[in-house]
Amino acid sequence: PTAVGKVLAQAWRVLRPGGRLVVGFYVLPPVVEKVNLRIGVVKDGRFHMKRLFDVMETVKDNPLKCVPKIAGWSGRSIFSTFLYWTRLGMFLPRELKEDRDGIERVLDQAESDGVPLADMVACVPESLPYRTMTVVRELLDGWGPTTGWDLDRHPDCIVAISRKPLVKRPMDGKGAAAGEGGWFVRTEKLCKRYDPSGPNAVDSLDIAIHEGEIFGILGPNGAGKTTTLAMLSGLMRPDSGSVRFGEGIDQDRIREVIGYVPQELALYNRLTGRENLEFFGRLYGVTGSRLRGRIDELLDLVGLSDRADEPIQRYSTGMMRRLNLAAGLIHEPKLLLLDEPTVGIDPQSRNRIFESILGLRDAGVTILYTTHYMEEVSRLCDRISIMDRGRVILEGEPAQLVRRYGHFRMEFKADDCPASFAGAIESLEPVISAFVSGRVLAVITGTDHGRMELIEEIGRMSREAGVTLSLRRILEPDLEGLFLDITGRSLKDGVS
């Protein structure tokens with residue numbers, strides 16, 4: 001219950017306003033659950049996985065040898081256990097056969113891949129918490145700031161959905177929330193859907209970008225970053241919601257103040273670098289001496305003055321990316337939209353682009369920068385929105401988000417650490433979770449306050465339990481880990 005409460009508290013804190021908290025609990029199919037309860041594999045609120053493997057191995061040798069084991073686990077007499085076990089062997093339920101066959105397929109595949117059964121079993125924890133429908137209802141009703149839960153039993157899980165929407169969080173960071181003053185461009189409930197039967201690519205997006213800042217949108221491929229930029233630039237109409245610009249900007253001449261640098265290179269290979277910039281300049285109505293001066297200025301900014309008169313088909317990808325950036329700046333925009341401008345380029349070109357972007361910010365250009373590279377937003381951005389599946393899930397200054405929501409991870413070398421010891425560690429403050437993975441005990445904490453005291457306490461508990469531990473490393477929180485914590489997937493997951 002303590003561990004579940006901590007998980008729910010973390011989820012409650014980071015989920016978007018207006019959403020509902022959804023919690024899933026793994027369960028066995030009803031018939032399989034009933035049998036496992038009867039033989040003591042599921043007992044005292046725990047699923048004893050080692051017992052399950054013990055039964056499977058014993059049955060292969062001699063089914064009757066299971067009887068005394070099951071009698072001991074279940075607390076029933078040898079005679080009643082023998083009768084039940086015999087009847088079960090004669091009339092094995094279809095669901096139990098399917099469950100057994102599924103486990104055996106996994107084991108057979110592992111052995112064919114060169115993983116011995118003994119090694120597989122060694123990786124299985126002694127037991128895991130197991131929640132029946134009654135236990136789940138009692139657990140959730142006794143926790144949290146909701147007004148109740150709707151529970152739905154599926155064949156392999158119990159799904160709980162909070163009845164009350166989550167409370168709106170204030171934004172972090174130096175910027176005001178959308179709807180307050182001081183913004184250069186803002187979106188309100190912006191939505192876009194490509195497939196009428198599918199989810200929104202961008203879902204009720206509310207962001208506010210302030211004048212003269214670099215605002216980053218961090219998210220994996222497929223999060224909705226490119227779609228957001230396309231709607232901000234006017235290249236794509238939203239299905240609902242709005243994009244608004246601040247005071248002093250002519251709403252009818254928005255494209256004159258926006259520079260858009262798409263992820264795909266928008267250049268002509270047979271033209272030189274200078275000719276490409278001349279072409280885009282004329283499209284924006286920039287001509288004569290102003291255009292020539294602007295081209296020289298931009299070529300110097302992106303470090304291409306010495307290659308300006310070569311056809312760009314001779315350029316490296318990094319050089320093309322730099323020229324792509326220059327093309328988006330040819331008309332001196334007030335707002336620059338950059339869609340992953342460093343994809344697939346060399347470190348030298350990436351660093352040159354970073355220097356150019358920071359110089360533009362210092363000159364007063366407002367920049368929206370999308371990426372799935374954590375180190376880029378840490379270096380460049382004043383504020384960020386972390387985006388996943390079309391929604392913003394966190395927003396603020398990068399350092400503040402890491403300090404407030406990031407987790408520390410302590411790893412201990414543990415040659416023989418039972419799962420029950422990890423469960424005891426979870427009861428300590430400020431431990432969020434603890435688990436055994438191979439020969440490593442991982443302890444996740446939400447703060448570094450009292451960290452040395454926690455390490456000392458874990459050491460004391462290990463000595464009392466006869467568990468040998470040695471501290472391997474402590475991983476500091478970062479944006480990559482934060483994103484993984486709140487979405488359950490890596491920044492580099494997803495599809496383009």
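Gly 303 takes a positive phi of about 75 degrees in this predicted model. The residue sits just after helix 11. That helix runs over residues 288-301 and has 14 residues. From first C-alpha to last, helix 11 reaches 20 Å, close to the 20 Å expected at 1.5 Å a residue.

Helix 11 has a buried side and a face turned away from it. Its buried residues are Leu 291, Arg 294, Ile 295, Leu 298 and Leu 299. They lie on the same side of helix 11 because they cover an arc of only 130 degrees around the axis. An α-helix has 3.6 residues a turn, so residues three or four places apart point the same way. The buried residues of helix 11 pack against helix 10 (273-283) and helix 12 (317-328). The face turned away from the buried side carries exposed Ser 289, Arg 292 and Asp 300.

Helix 15 (residues 398-405) was examined in the same way. Pro 398, Leu 401, Val 402 and Tyr 405 are its buried residues. Their arc around the axis is only 100 degrees, which puts them on the same side of helix 15.

A nonpolar patch on the surface is formed by Leu 64, Phe 79, Phe 82 and Leu 83. Together these residues have about 410 Å² of accessible area. Leu 64 lies in the loop between helix 3 (49-61) and helix 4 (66-74).

The protein chain as a whole has 18 helices and 20 strands. Of its 496 residues, 45% are buried. Its accessible surface comes to about 24,900 Å², with 52% belonging to carbon and sulfur atoms. Among contacts between residues at least 6 apart in sequence, 70% join residues at least 24 apart.

Definitions and conventions: Residues are numbered from 1 along each chain as its sequence is written. This is a predicted model: local features need pLDDT of at least 70, side-chain atom pairs count only at pLDDT 80 or more; totals for chains, interfaces and linings use all residues. Side-chain values use heavy atoms; hydrogens and water are left out. Helices (H or I, at least four residues) and strands (E, at least two) are DSSP runs, numbered from the N terminus. Buried means under 20% relative accessible area, exposed over 50%, partly exposed in between (1.4 Å probe, protein chains only). Contact means heavy atoms within 4.5 Å. Accessible areas come from the Shrake-Rupley method with a 1.4 Å probe; for residues, only the protein chains shown count as cover. The arc is that of the directions from the helix axis to the C-beta atoms. Patches are made of residues with over 30% relative accessible area and no salt bridge: like charges are joined within 9 Å, nonpolar side chains (Val, Leu, Ile, Met, Phe, Trp, Tyr) within 5 Å. A salt bridge is a side-chain nitrogen of Lys or Arg within 4 Å of a carboxyl oxygen of Asp or Glu. The expected span of a helix is 1.5 Å times one less than its number of residues.
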